[in-house]
There are 4 protein chains.
Amino acid sequence: SSNGNGHAQRKSCWYEEEIEENLRWCFALNSILHTGATQYQDIQLLDTKPFGKALVIDGKLQSAEIDEFIYHESLVHPALLHHVNPKSIFIMGGGEGSTARELLRHRTVEKVVMCDIDQEVVDFCKSYLVVNREAFRDPRLDLVINDARAELERREELYDVIIGDLADPIEGGPCYQLYTKSFYEFTIKPRLNEGGIFVTQAGPAGVFSHTEVFSCIYNTLRQVFKYVVPYSAHIPSYADIWGWIMASDSPIDLSSEELDLRMKQRIKGENRYLDGQTFTSASTLSKAVRKSLEYETHVYTEGNARFIYGHGSAHKQNQA
Amino acid sequence: SSNGNGHAQRKSCWYEEEIEENLRWCFALNSILHTGATQYQDIQLLDTKPFGKALVIDGKLQSAEIDEFIYHESLVHPALLHHVNPKSIFIMGGGEGSTARELLRHRTVEKVVMCDIDQEVVDFCKSYLVVNREAFRDPRLDLVINDARAELERREELYDVIIGDLADPIEGGPCYQLYTKSFYEFTIKPRLNEGGIFVTQAGPAGVFSHTEVFSCIYNTLRQVFKYVVPYSAHIPSYADIWGWIMASDSPIDLSSEELDLRMKQRIKGENRYLDGQTFTSASTLSKAVRKSLEYETHVYTEGNARFIYGHGSAHKQNQA
Amino acid sequence: SSNGNGHAQRKSCWYEEEIEENLRWCFALNSILHTGATQYQDIQLLDTKPFGKALVIDGKLQSAEIDEFIYHESLVHPALLHHVNPKSIFIMGGGEGSTARELLRHRTVEKVVMCDIDQEVVDFCKSYLVVNREAFRDPRLDLVINDARAELERREELYDVIIGDLADPIEGGPCYQLYTKSFYEFTIKPRLNEGGIFVTQAGPAGVFSHTEVFSCIYNTLRQVFKYVVPYSAHIPSYADIWGWIMASDSPIDLSSEELDLRMKQRIKGENRYLDGQTFTSASTLSKAVRKSLEYETHVYTEGNARFIYGHGSAHKQNQA
Amino acid sequence: SSNGNGHAQRKSCWYEEEIEENLRWCFALNSILHTGATQYQDIQLLDTKPFGKALVIDGKLQSAEIDEFIYHESLVHPALLHHVNPKSIFIMGGGEGSTARELLRHRTVEKVVMCDIDQEVVDFCKSYLVVNREAFRDPRLDLVINDARAELERREELYDVIIGDLADPIEGGPCYQLYTKSFYEFTIKPRLNEGGIFVTQAGPAGVFSHTEVFSCIYNTLRQVFKYVVPYSAHIPSYADIWGWIMASDSPIDLSSEELDLRMKQRIKGENRYLDGQTFTSASTLSKAVRKSLEYETHVYTEGNARFIYGHGSAHKQNQA
């Protein structure tokens with residue numbers, strides 16, 4: 001067929017997401033690989049033209065084949081590199097497997113507990129996301145299906161790094177409780193070894209969008225930990241800057257060169273996104289975001305979330 | 001998952017067609033069943049929420065599962081019912097198989113030649129369109145892969161009804177030649193038996209859209225045949241009224257009651273769309289369309305199409 | 001600027017309507033002439049490329065410049081022509097002014113009461129819809145701002161024709177009550193003169209969409225009136241067939257020729273859409289719709305609508 | 001009207017841009033303030049819900065009210081601050097007026113020549129963009145309507161800073177010539193005073209998109225200047241990271257603190273986006289972009305652009 005025809009056909013099917021009220025982001029589609037619903041969420045795997053295979057949960061893009069490395073390298077490596085010798089890791093969420101994949105590249109890592117609430121999503125990702133297959137089979141990975149809070153409270157062992165790879169703390173959303181001051185203080189912190197580091201994804205961190213949750217998570221964490229380091233990166237498929245925050249009671253400050261050295265020593269293969277300079281840039285926030293974080297006063301507490309209990313037993317099941 | 005989530009998900013994937021410049025028609029998608037390109041055209045089979053499975057050729061919706069019966073009953077039955085005893089039929093195009101399916105419901109029909117240029121589309125429809133499988137296996141069907149004009153000129157036998165189930169006569173498009181006065185006069189008419197009827201799909205027939213091709217096809221046919229009957233019906237998935245035209249040198253005029261009687265006598269099973277009154281309504285055009293047909297002066301001729309030859313050998317292959 | 005550029009620009013702004021769940025209809029925009037909210041509804045006047053100026057109320061296209069004549073000629077003329085000598089008319093709703101415009105073309109008409117609940121919409125249409133200005137100034141027009149039911153009950157005079165130009169009877173919607181059996185029986189019918197005719201718009205009437213409200217309005221009216229005549233027409237800007245229903249205790253049956261004759265005698269200027277044959281076609285429904293109307297059993301009653309009262313005082317104000 | 005209705009209405013009109021093939025970015029619209037065509041380009045001023053007033057040229061978003069400060073502060077301040085004492089400035093393009101506005105905030109600046117080819121765009125922005133009115137009236141501004149290259153070649157005076165605020169160097173596009181090595185070498189460089197700095201917008205600079213033009217402009221500039229500093233920032237309304245490049249034969253290296261100090265001394269009012277740390281982050285590129293710039297080999301030359309001449313006289317007029 002002619003180019004003209006091919007062109008027309010290429011653009012007839014679209015994935016469309018309302019990133020926020022009044023703002024849409026649309027990808028031309030090659031195909032819809034899977035559509036289904038688990039006990040907790042709706043799930044789609046799409047083959048998109050601009051970003052490759054895309055995992056969509058509850059109508060929101062979670063991760064796209066061509067740029068998920070930016071998100072997952074940023075989530076995992078800064079915390080592990082800043083730690084002296086990270087051996088045991090706990091992932092809250094992470095069912096997609098990419099967080100585990102990046103963790104398991106670290107030679108120091110001996111044990112990774114990945115705790116996701118949704119068996120079906122995990123099974124789905126295991127079978128569809130070829131790039132994470134090896135990680136799912138790694139003997140160091142201990143996959144647990146449970147509510148992350150309950151699991152952390154149940155276990156007595158401590159971890160060198162705890163990683164929050166959960167949905168954003170939307171009020172009434174499934175994960176709100178896992179972003180509160182009391183959760184950080186009474187559940188996370190007691191489960192960290194001396195020198196341990198907690199890191200969490202922290203939502204959009206753009207010049208306007210950082211006030212949605214990024215600045216509040218930052219402010220909540222600095223109520224609980226002595227050292228808190230926010231950083232961010234642009235994820236093309238999200239059409240925004242994304243944020244992460246590390247927190248610890250031990251200092252988190254390595255030079256760009258020290259980070260590069262540790263990467264070479266500890267990580268198998270080469271990072272595609274993160275190196276020392278990238279982290280320097282990522283953790284040097286722009287003026288507007290920096291000021292806003294500095295002056296943020298909101299703290300996530302159980303109190304704020306109290307109304308959630310009104311939803312009854314459902315909310316517990318919905319924790320990722 | 002909650003209804004809210006389900007709702008969001010249901011609407012994230014869309015098929016979008018520009019029906020005309022400045023006008024779009026969009027269907028939510030369940031899945032993209034097939035995307036491919038044949039020698040002649042691009043082809044997609046989509047599973048749409050509002051209209052079921054939809055066949056899209058070169059970026060244009062051809063036929064949708066839930067309402068193709070309107071198109072195909074309207075194309076086939078009026079001509080066959082107005083004929084005294086239709087035994088042999090020739091279909092130009094029709095690779096989808098639905099036209100043959102409707103024809104083969106007629107007890108009088110002994111032979112159907114279906115001549116489509118695109119082997120791959122025919123194979124595709126054979127395997128995907130379950131509703132037409134029986135028709136494709138009917139021993140009365142003689143499927144030929146060829147250019148319809150060449151095939152009609154090659155054959156010496158005559159037909160009771162010839163059916164044009166082709167793309168619209170867009171200038172430069174693949175089918176223009178099969179709508180010209182000389183084609184009707186020197187190819188179609190000589191291949192009709194005494195009392196034979198020619199019927200063709202004739203493009204959009206809405207109060208504004210009928211001037212695109214419907215009125216010109218009508219005017220061209222009345223240069224060649226003594227009796228010409230235009231009629232139309234609304235096809236929901238096309239977002240428009242569609243038109244067909246019958247032409248013959250014998251009178252085409254049965255009452256609503258006579259049509260109903262012949263339907264009962266000749267057609268296996270019951271029509272979903274067409275009966276006598278429906279045809280009465282369909283063939284009584286609204287004022288604007290009627291006047292416009294009456295005063296139409298344009299005639300499709302080879303002369304008009306001469307410039308097409310400039311495209312070289314391609315145009316011949318592109319006939320459907 | 002180049003054509004290429006112009007082309008890109010022409011298509012960058014779009015009006016988008018979800019005609020039904022999973023089905024979108026989009027018009028390229030020239031401009032947004034007005035956006036506002038009255039006491040009762042949101043209102044927009046758009047300048048669209050395919051359909052000219054378009055009035056949108058509560059996110060639903062009401063009427064488009066280039067094809068509103070189809071709707072308004074179909075709503076008004078059949079009832080007035082079938083009446084022996086229509087002098088006094090009552091319009092429920094109709095604030096746009098187009099219904100009055102068509103009525104006032106009839107030489108027999110001496111008085112038109114137009115009763116719309118929304119002063120601001122009426123004022124808006126008066127000032128923006130140039131084509132209806134003359135009608136708004138016609139001394140035979142008596143414009144009343146009130147709830148149509150209250151107004152009809154308050155008045156003692158009788159009418160030759162009563163016209164329902166209201167929103168569809170969606171449960172919980174503002175107009176449900178004005179489509180019930182008891183409203184027809186105890187409010188409409190007693191306000192009709194001997195030989196009087198009631199006509200109402202009756203929602204979508206397509207081969208699938210007629211089951212939404214068209215068949216139920218038909219069935220409700222035939223509980224109350226001896227003669228009930230449904231008819232329909234395709235409105236391009238609605239992307240569907242639309243329906244209207246006439247009802248009377250006197251027979252409604254004129255031939256196509258008689259209608260044409262009365263049009264010539266009574267109507268100033270020439271209709272663009274409706275003539276005798278058009279009405280013959282419009283009132284001859286296709287098989288599926290005809291059967292469905294015949295077998296419809298649902299009747300709109302106050303009982304069905306009782307729950308509406310739960311919404312409290314709001315519902316009364318919301319009647320158009 | 002109810003919230004529900006209001007909600008529906010708010011989303012019915014959309015601006016839609018294909019950022020790249022297969023990728024769309026859509027803003028809900030309040031209104032279309034202006035649509036027109038100048039001698040050189042199509043122009044629209046839209047009032048969008050997510051980004052305020054938006055200037056669209058030839059179907060591409062140029063600048064949006066709520067985040068144009070990021071682009072214009074990034075384009076202007078780094079170059080002026082790194083210069084010892086910037087008095088005279090030449091802007092190629094910049095008809096919108098925002099670049100001049102930022103320049104004129106510098107107390108050192110005595111003269112700004114702004115050279116845009118399109119009188120009508122300049123007039124349009126003068127009258128519509130309230131935020132730039134003061135700049136257009138500043139006596140230090142010398143507004144010239146001409147092709148930027150011709151103007152620079154015609155003038156004999158030298159400048160402390162030359163700013164390129166032009167469309168991207170797309171082959172066949174209007175501005176290609178203003179990004180070539182020979183233009184930099186024989187037109188720009190000879191017009192810079194000792195210690196002078198050239199800065200240009202340099203297209204998308206995202207982890208994937210930087211290979212379109214950013215890396216080539218960088219590589220072309222480093223053929224001509226001793227010191228070349230690329231930097232970038234996320235512009236929400238562009239849905240991407242954007243890049244700029246400074247070039248000089250004098251060193252460009254101030255610490256974050258020195259930049260902050262100069263800002264305080266030289267700039268009236270406070271920057272919203274840029275400060276010392278922001279520039280540190282902006283000019284520390286992420287690994288992938290850094291490597292790609294380092295290894296880039298493509299140089300824009302007249303040779304590459306030679307075929308453009310084939311378009312005849314048109315191309316010259318089309319320079320912005």
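**Figure 1. The bridge partner of C:E20 in β2(C) is C:L23.** The model is predicted: local features need pLDDT of at least 70, side-chain atom pairs count only at pLDDT 80 or more, and totals for chains, interfaces and linings use all residues. Residues are numbered from 1 along each chain as its sequence is written, chains are lettered from A and ligands numbered from 1 in the order in which they are written, and side-chain values use heavy atoms, with hydrogens and water left out. Strand β1 (residues 13-20) of chain C pairs with β2(C) in the antiparallel sense over six bridges; two strands pair if DSSP finds at least two bridges between them. Helices (H or I, at least four residues) and strands (E, at least two) are DSSP runs, numbered from the N terminus. β1(C) and β2(C) form a hairpin with two residues between them, and C:N22 in this turn has a positive phi of about 80°.

**Figure 2. β2(C) is also joined to β3(C) by a hairpin, through four residues.** Strand β3 (residues 42-48) of chain C runs antiparallel to β2(C), with seven bridges between them. Within this pair, C:S31 stands opposite C:D47.

**Figure 3. Strand β2 (residues 23-37) of chain B meets strand β2 (residues 23-37) of chain C.** The two strands run antiparallel and are joined by five bridges. Opposite B:F27 stands C:L23 in β2(C); C:L23 is also the bridge partner of C:E20.

**Figure 4. In chain A, seven strands form an open sheet with mixed pairing.** Strands of a sheet pair through backbone hydrogen bonds, either parallel or antiparallel. The order is β8-β7-β6-β9-β10-β12-β11. At the edges stand β8 (141-145) and β11 (227-235) of chain A; each has a single partner strand, so one side of each is left without a neighbour in the sheet. On average, neighbouring strands are turned by 15° against each other, direction ignored. Strand β10 (residues 192-204) and strand β12 (residues 240-248) of chain A run antiparallel, joined by six bridges, and A:T200 has A:I245 of β12(A) as its bridge partner.

**Figure 5. Helix α7 (residues 181-188) of chain D packs on the sheet.** The helix touches β6 (88-93), β9 (159-165) and β10 of chain D, where contact means heavy atoms within 4.5 Å. Its direction makes about 155° with that of β10(D); axes are lines fitted to C-alpha atoms, for helices over the stretch in contact, and angles run from 0 to 180 degrees between N-to-C directions.

**Figure 6. Helix α2 (residues 68-82) and helix α9 (residues 256-266) of chain B pack at an angle of about 100°, with their axes 10 Å apart.** α2(B) and α9(B) are therefore roughly perpendicular to each other (angles under 35 degrees count as roughly parallel, over 145 as roughly antiparallel, 65 to 115 as roughly perpendicular and the rest as oblique). α2(B) contributes B:L80, B:L81 and B:H82 to the contact, and α9(B) contributes B:L259, B:R262, B:M263 and B:R266.

**Figure 7. Chain A is superposed on chain D by a rotation of 180° with 0.0 Å of shift along its axis (RMSD 0.0 Å).** That is the relation of a two-fold axis. In chain A, the C-alpha of A:S281 is nearest the axis, 2.2 Å from it. Copies are superposed by least squares on the C-alpha atoms of residues with pLDDT of at least 70 in both. Of the interface residues of chain A, 100% are also interface residues in chain D, so the copies meet through the same surface.
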